[in-house]
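Hi everyone, thanks for having me. Today I'd like to walk you through some charged side chains and the partners they pair with. Please have a look at the screen.

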Amino acid sequence: MALGDSITEGMEDNSGPGGEYRGFADRLAEHLGTLAPDFRYANLGVRGRRMHHIFGEQLEKALEWKPDLVTVLAGGNDVLRPGSNLDALAEHFEWGVRQLLDAGLRVVIISGHDTGWIPVLRYYRGRIAIYSMHMRSVAERTGTEIVDLWALNALNDPRAWSEDRLHLNGTGHQVVAARIADLIGFPMGPREAWTDPWSTPPQQLPRILRRRENRRWARQHLVPWLRRRAMGRSSGDGRMARRPQLDYLYDEATRERVARDLAAQDGEDTHGPAATQAEEAPTISPSGTKGPGPRD
């Protein structure tokens, strides 16, 4: 189950069926769904949701349904609101995480990303850094697994972000999904999938073109975003989660095929190289703190 706001919802990753949003949570679920025939998934993320929403109605559903794994990305919209108390926000966050842990759920925290390369948003960098350190402290105190987006160098590349510079694009979401999958012990391919997804450095535009692009971005994306903040409105007002029920990810025919494939793999790999590889520990790096091993 995925709890969160617009990034968890998958905004700007329109690679889903019919151009629907997909996002890191869906991508991770699709991968995990190939490893368990009866895999179920819910994504409660909605754009604009704040801490009291995520550790309110979203938390209540997680405690009711008791999934095996919960990803939590919370507080970003609160941090960007001037005057919000970061210490109090962190206390609320820790309270919510402890509620999940006390219910026996496996939790992966997702911390904030670096906005130092983004015009205007770089002024929020200090607040995001402070809150991200709070989240790492919560992970340390509670023994919770955490993926630190700030430490993912791939996310400091503009090619990981959509035109609005507020949301990840498909590649950025894939990087996050691959990092989480590696952390929980079910990698989505080689380590380079999240450390170095590009074979070339980013293109550097001439200064005059960068200024022109920044003006266009401010007019089309920044000003509307600031206007909504000033009016106390959110792009998520009136919206519901895309996958509000903890239900099967795949249809019955696909689940049967997955079961057959897994049975065949078990027969072939019980004593082979694949079994040895599955027992290896996942990659641990500054962008992720490893907690308990994957459940059976």
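Let's begin with a term: buried means under 20% relative accessible area, exposed means over 50%, and partly exposed is in between, using a 1.4 Å probe and protein chains only. What you see is a predicted model, where local features need pLDDT of at least 70, side-chain atom pairs count only at pLDDT 80 or more, and totals for chains, interfaces and linings use all residues. Residues are numbered from 1 along each chain as its sequence is written, and side-chain values use heavy atoms, leaving out hydrogens and water.

Now, a salt bridge is a side-chain nitrogen of Lys or Arg within 4 Å of a carboxyl oxygen of Asp or Glu. How many salt bridges does a search of the whole structure find? The search gives 15.

One of them joins Arg-106 and Glu-145, at 2.8 Å from N to O. Arg-106 sits in strand S4 (residues 106–110) and Glu-145 in strand S5 (residues 145–147), so this pair ties together parts 39 residues apart in sequence. Strands here are DSSP runs of E, at least two residues, and helices are runs of H or I, at least four, numbered from the N terminus. Is Arg-106 buried or exposed? Arg-106 is buried, with a relative accessible area of 10%, and Glu-145 is buried too, at 1%.

Next, Asp-148 pairs with Arg-136, their closest N and O atoms being 3.1 Å apart. Asp-148 lies in the loop between S5 and helix H7 (170–184), while Arg-136 belongs to helix H6 (residues 125–142). Asp-148 is buried at 8%, whereas Arg-136 is partly exposed at 26%.
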